[in-house]
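Thanks for coming. I have one structure to go through this morning, so please have it up on your screens.

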Amino acid sequence: MDGQLLPVLVLLLGASGLCEQGLGPGGPLEEPPEEKPPEEKPPEEKPPEEKPSEEEPLEEDRVLVLSQQTLGQALQEHPALLVEFYAPWCGHCRALAPEYRKAAALLAAESARVTLAKVDGPAEPELAKEFAVTEYPTLKFFRDGNRTHPEEYTGPREAKGIAEWLRRRVGPSARRLEDEEDARALMDAQDVVVVGFFQDLQDRDVATFLGLAQDALDMTFGLTDRPQLFQKFGLTKDTVVLFKKYDEGRADFPVDKELGLDQGDLSRFLLTHSMRLVTEYSSETSLKIFAARILNHLLLFVNQTLDAHRELLAGFREAAPRFRGQVLFVVVDVGADNDHVLQYFGLKAQEAPTLRFINIETTKKYAPEHGAPVTAAAITDFCRAVLGGGIKPYRLSQEVPPDWDQRPVKTLVGKNFEQVAFDETKNVFIKFYAPWCAHCKEMAPAWEELAEKYRDHEDIVIAELDATANELEAFPVHGFPTLKYFPAGPGRKVIDYKGARDLETFSKFLDSGGELPAEEPAEVPGATFPKPENTTEPRDEKPGNTTEPRDEL
């Protein structure tokens, strides 16, 4: 998923859940305990205790505790070893710890040939350096004692997911199917099963298939070369088949004889066809909706407690198949906990039933004509019109408050932004914020002080705009807070402010006409959109100088 999609993801998932809360020693929440020298006491005579050899790894709850002295031995003794590099002050590490222990217990209970271990990164700087650990937690998987090329762990951070990721590396990632009974048993046990039908199991396409199976943890995989199974399922050539207990029941992906099996193409196919034709939006399904890599979404807002609304679902489902892979059909229940979705589209619950179309890459939103029916034919026509460019997008805007210019900090919305920001007689400094953003709240007093200081300067305007409720044609706003300066004069010039967020620096910036003096150190840049290994996880914490706040997405 492209980083451009994350503003939509953040807003629809509930933005506060993805904000960074503290990034290391000295951060707002993550401070290591102060270390004090031990008090000197006279030595006491105690009977000698047996101490483990320096080369013997300790163990806590089935997790090995490793150090520079014991890692080598652990690699020799454990051919499949997952190592977590953690920091005692790291909140994400503390959250992972119980899940990591549970995963170790799950694997031990089934006698899996894999071992879990951990290393205190700050206490073992040589190991952290050797394995290029730049954030915590970092997990690496070592095979057959190979110390130089561990595999980066890219799986979930809950116990069952960790255990399954490891099972698919120490055991087969796809079950071998010998006959129809094997195939039926596999398909009966799961809602979604992917079976690779290959006439030659030594073919390189099989390796591609198994490689994908290692990481697609939400699907079960099978593999066969049996002619009777080819015949049973009506196949004459190598094909990957997705079997599912809903919608069409089956989707086939033939393997190109000349080009071979492309893992990226197969992955997209499986994501697309494993999605239901119509998905009900919830916290559980939202991440899968965005992971499907279908950029166009059609949302039907209904109240599921009303019979008249539920009757509309049949027409919605009827229209969906012709747009499979092109438009994702999503139902949003306005009677459930989905207020953040309504807010994102500028809707109120009483406006249901209604449709909205969005491209999550451009974030452009489209609405049908007011009062348009919600029938299969009308839905089909609406989708085709949007995809064909026949409908113009709409942009959110609050109404202009009657007293928008009465306070020192002026209140801007979408409807008055252009008039104020690009006034050629004014120098306009604007804070684009989100109501839930902690960094925005932190800088609010300094922004108020700045407005008060320059309130008598007729050519300077200090303003703010809630970028979660107002969308602009001039540019998108991706992080919060975003500060932009619009100098007086023609040309619609815009200057991004990257300095410190305090009254003194703000003032120097304004007094110099939108430039920071050369000696002013620039603030740590706002966080760019991460390229998520797994978007369900919070961003990892980085050691070292991480005390500067980062912008929120």
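Predicted model: local features only at pLDDT ≥ 70, side-chain atom pairs only at ≥ 80, totals over all residues.

W165, R168 and R169 in helix α5 are in contact with A213, Q214 and D215 in helix α7. Sorted by class, that contact between α5 and α7 holds 2 nonpolar, 1 polar and 3 charged residues.

How do α5 and α7 pack? The angle between α5, residues 159–170, and α7, residues 204–215, is about 155°, and their axes are 8 Å apart. That makes the two helices roughly antiparallel.

Next, the hairpin. Strands β10 and β11 form it, with 5 residues between them, and D247 in the turn has a positive phi of about 50°. β10 covers residues 239–244, and its pairing with β11 is antiparallel, over 5 bridges. Within that pairing, V240 sits opposite F253 of β11.

Which residues of β11 are on the covered face? They are A251 and F253, while R250, D252 and P254 are on the uncovered one. As a reminder, side chains in a regular strand alternate between the two faces of the sheet.

Now the open sheet. It has 5 strands in the order β17-β19-β18-β20-β21, and the pairing is mixed. The edge positions belong to β17, residues 410–412, and β21, residues 495–496; each has a single partner strand, so one side of each has no neighbour in the sheet.

Inside that order, β18 (residues 427–433) and β20 (residues 482–486) run antiparallel and are joined by 5 bridges. F429 is opposite Y485 in β20.

What lies across these strands? Helix α15, residues 414–421, lies across β17, β18, β19 and β20, and runs at about 150° to β18.

In general, an α-helix has 3.6 residues a turn, so residues three or four places apart point the same way.

After the helix comes G513, which has a positive phi, near 75°.

That is what I have for today.

Terms used: Residues numbered from 1 in each chain as written. Heavy atoms only, no water. Buried < 20%, exposed > 50% of the residue type's maximum accessible area, 1.4 Å probe, protein only. Helix = DSSP H or I, 4+ residues; strand = E, 2+ residues; numbered from the N terminus. Pairing = 2+ DSSP bridges. Contact = heavy atoms within 4.5 Å. Axes fitted to C-alpha atoms, helices over the stretch in contact; angles between N-to-C directions. Parallel < 35°, antiparallel > 145°, perpendicular 65-115°, else oblique. Nonpolar A, V, L, I, M, F, W, Y, C, P; charged D, E, K, R; others polar.
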